[in-house]
Structure formats: C-alpha cells, structure tokens
Amino acid sequence: MLVAAEGLLRPHWPEVDHRVHLMVSGGPDSMALLALVGDFSKVVPRTVVVHHCHHGVAAEANDWGSFVRSEAELRGFVFRVHRLNLSLGPNFEARARELRYKKIMSEVTSNEVVLTAHHRDDQIETLLIRLSQGSGLIGLGGIPISRKFGLGVLIRPLLSVSRKQLKQIVAIRNLKYIEDPSNQDLSYRRNFIRLQFFPALTRVAPRIEEKLLELSKLARERTKLAAIHLGKQLPVSGVEEVDMASTEILIAWQIRFFAQIRACYAPSTLQILEFARQGLEAADDRSPEVRVSPTVVIRKWGKKLYWIDSKELGDEAENEIARFEELAPKQLLQLRFPNGILTLRNGAVSEDVSIFWGVKGRSFRRGRKRPLQSLKQLAQGLGVPPWLRKRTPVLAISDQILGWGDIDCREGGLIPYSLQWEWRFVTRNRVDSSVS
C-alpha cells in the first residue's frame with residue numbers, strides 16, 4: 001500500500017509548511033485516496049485538511065458527513081464540512097461541482113495542493129460525454145492531471161488507476177465507505193454511461209478504452225501545439241483580453257482556450273469560424289462578438305479580443321450617480337456603487353473629488369491648459385471599452401479628469417495630485433454556505 005502511495009502522491013506532494021486539501025465524499029474512490037494519503041503522510045508529514053460537501057438534497061447527508069468526519073479525525077486530519085444548500089433540477093451535477101470547488105478554493109492558500117479521487121474510468125466517461133456534446137480537441141483532452149485552483153493547484157493523482165484497482169484497495173484494507181443511491185439513477189448521463197452504455201460498447205468494441213485514451217492523448221498534443229503557436233496571444237487564467245491572432249484557425253483556438261480556462265462550453269465550430277472571419281474583415285471601429293453563454297460574449301474591439309461577462313460586470317447604469325467627497329489628508333474612503341466598490345486613498349493634501357458613475361453629458365479636460373473633451377472623445381483616447389463606460393466611475397477634480405475605472409487619466413506632470421484609487425467589480429448573486 002505504501003509503495004502505491006509513494007508512486008501516486010510523491011510527485012504532487014507540497015513543500016513543508018504547505019497544506020494538502022483532500023475532497024472526500026465518503027464513497028469507495030475517495031476513501032481509497034484518503035487511505036493512501038494517510039499512509040504517505042506518515043512518511044512525509046503535512047497538515048491534511050479533509051473537505052466534505054453536504055449538498056442538502058439526500059436524506060442520509062448528515063450521516064455521510066459524520067462518517068467522513070470520524071474517518072478524517074481517526075487519521076489525525078483536519079475536517080471541514082461545507083453546507084451547499086442546493087436544489088435538485090437541471091444541471092444539478094454541474095451546479096454542485098461548481099459550488100464545491102468555489103467553497104474549497106476559498107480556503108486554499110498559495111502553493112497548497114487539492115487532491116481529488118478522479119480515476120481512469122472517470123476519464124473514459126468524461127471523454128464519452130464530451131464526444132456526445134460535440135466537443136473540440138481541448139475538451140477531448142479529457143480531465144487534466146493538474147490545473148490551477150485559485151492560489152493553489154488541483155491534482156488528480158489517481159487518473160492512471162482503474163475503478164477496479166481502487167475497489168481492491170478498499171477490500172484489502174477493509175475500508176468502510178458510503179453508498180450514494182443517486183449513483184444508480186440513470187437520469188444522470190454519467191450514470192447511464194457507466195452502468196449501461198459503456199459496458200454495451202465494450203462488448204462490441206473490446207479495445208474502446210484503449211482507443212479513447214489514445215484519442216485523448218492526440219487531442220492534448222494538438223492543443224499544446226496550438227498554444228505554442230499562439231504564444232503571447234494565448235488566453236490564460238485571470239486575463240480578460242488578448243491581442244487577436246492573425247488567422248481564422250488561430251482565432252478559433254483563442255475562443256476555445258478562453259472558454260476552456262473558464263470551464264465553459266465553446267460555441268459551435270460554425271459560430272467560431274464566422275466570428276473569426278468577421279473579426280479579420282471588420283474595421284477597428286466595428287465590434288463583432290460571439291456568444292458563449294446567456295451572460296458571456298467574446299468581442300473584438302480594436303485589435304483585441306475581450307471576454308465580457310455581464311454577470312461579473314453588473315448592469316449598465318441607466319441614471320448617473322454623482323458623489324462629491326471632501327477628502328482629508330491621508331484619508332481612506334470606500335464608496336459602494338451598484339456593481340462595485342471604489343477605494344480612495346488620499347495623499348498629504350486635502351482634495352475635493354467628484355465621482356460620477358454612469359456619467360452622462362459631461363466634458364472634462366486632461367490638464368489645466370488642455371481643451372475640454374466629450375466623454376466619447378475621452379473614452380476613445382484613453383481606450384475605455386464601450387461596455388465599461390457606463391459600468392465604471394469617472395473621477396475628477398473640478399473639470400479635470402483623474403481616472404475612469406482603473407485607468408489613470410492624468411498626464412505626467414500636468415495634474416500633480418497624489419490621490420490613488422482602486423475600482424473593483426463585485427460579483428452579484430453570490431451563493432453563501434456555512435462552513436464548520
């Protein structure tokens with residue numbers, strides 16, 4: 001058992017003083033992983049935090065949480081239960097996964113590791129699901145063994161291990177585990193594939209598992225090659241804009257990478273290629289877009305592609321909100337607007353600052369001797385995208401503009417104010433859950 005733990009876990013084990021986070025449902029797969037981590041942590045000690053998510057839908061959920069708690073504490077591990085308060089209905093599995101990850105991500109600090117019990121059979125099922133959805137090469141790359149996870153990294157150390165092998169670990173160690181009756185519900189696509197479709201497919205195509213894994217490997221190689229070709233034009237996590245590529249094929253890859261890093265389905269190939277064509281042919285003052293979801297579009301503006309999520313940005317202002325603040329020296333002030341928070345940090349001199357959110361019909365100058373400019377002229381000159389103009393505040397002293405959102409509009413030496421500020425969008429419709 002220790003030999004297995006050594007080979008599977010050592011390559012991903014964090015440095016000293018960094019914690020290991022373990023997602024444990026209590027099923028046989030996650031209990032096998034819990035046992036492996038228990039063995040290896042005796043050899044290379046680390047603080048291990050076991051996370052269990054209470055979805056709020058199963059009658060036995062409280063008992064499952066108590067079971068996982070006892071198994072974690074038996075091994076000397078820290079235990080956290082997250083109460084998600086979900087409701088059954090469309091896309092339950094996706095909603096549950098998103099909320100699980102969101103809650104656990106909030107507890108992960110820099111360079112910490114999160115382990116899940118995804119195994120080879122999960123990989124096969126995922127590939128079949130993505131094939132049924134018409135996924136492209138990025139999706140057919142399957143479940144990655146690792147990816148960024150907030151400040152830490154998410155690791156699936158068991159992807160080379162089959163469900164049968166994990167059951168053998170459970171049997172040999174005489175491990176207790178829970179049986180979730182929902183795993184037999186054929187209305188869930190993954191359950192149907194696992195229980196009926198894949199066994200039937202294997203009977204007529206005995207090498208299908210091997211072939212699917214070969215397809216996945218090829219897809220990952222092609223995806224890696226596309227990322228190399230894109231270079232600095234590759235969308236990456238945390239980036240909302242990139243320079244648009246120079247060919248339709250590379251633009252199509254940009255769209256798919258944008259969607260993949262945000263765990264969204266990409267638009268259809270026809271939609272992507274039409275957008276790429278329009279993007280290459282459109283003048284700089286035109287803004288073609290392709291829709292990714294009800295709240296998300298990817299839009300060309302100028303020579304860049306932008307990921308725009310209206311849920312994150314909030315609604316555009318219908319009416320102007322004006323604030324006039326007398327800031328004392330060294331004063332810190334936070335102002336809340338419908339879609340975000342503006343933090344002002346004043347310097348050594350008092351300032352009278354005007355703030356306009358959803359600004360309309362005003363003119364400002366960018367220095368004492370500069371001419372007045374309309375909002376449209378300022379926005380074009382400063383590079384403020386059209387979708388941000390009524391979603392971010394304008395800061396001014398008298399008729400001199402200081403900033404628009406996070407953009408500092410002051411020209412060097414012309415407006416020597418020491419005021420600093422930060423604009424932060426605040427996500428709407430946050431889902432709260434309790435942690436104990």
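Q: Which residue in β13 does Q334 stand opposite?
A: This is a predicted model, where local features need pLDDT of at least 70, side-chain atom pairs count only at pLDDT 80 or more, and totals for chains, interfaces and linings use all residues. Residues are numbered from 1 along each chain as its sequence is written, and side-chain values use heavy atoms, with hydrogens and water left out. β12 and β13 (residues 340–345) pair in the antiparallel sense over six bridges; strands are DSSP runs (E, at least two residues) numbered from the N terminus, and two of them pair if DSSP finds at least two bridges between them. The residue opposite Q334 is T343.

Q: Is F192 buried, exposed or partly exposed?
A: F192 sits in helix α8 (residues 189–204), a helix being a DSSP run of H or I, at least four residues. Buried means under 20% relative accessible area, exposed over 50%, and partly exposed in between (1.4 Å probe, protein chains only). F192 has 36%, so the call is partly exposed.

Q: How many disulfides are there?
A: The rule asks for a pair of cysteine sulfur atoms within 2.5 Å. As for individual cysteines, C53 is buried at 10% relative accessible area, and C409 is buried too, at 0%. The disulfide count comes to zero.
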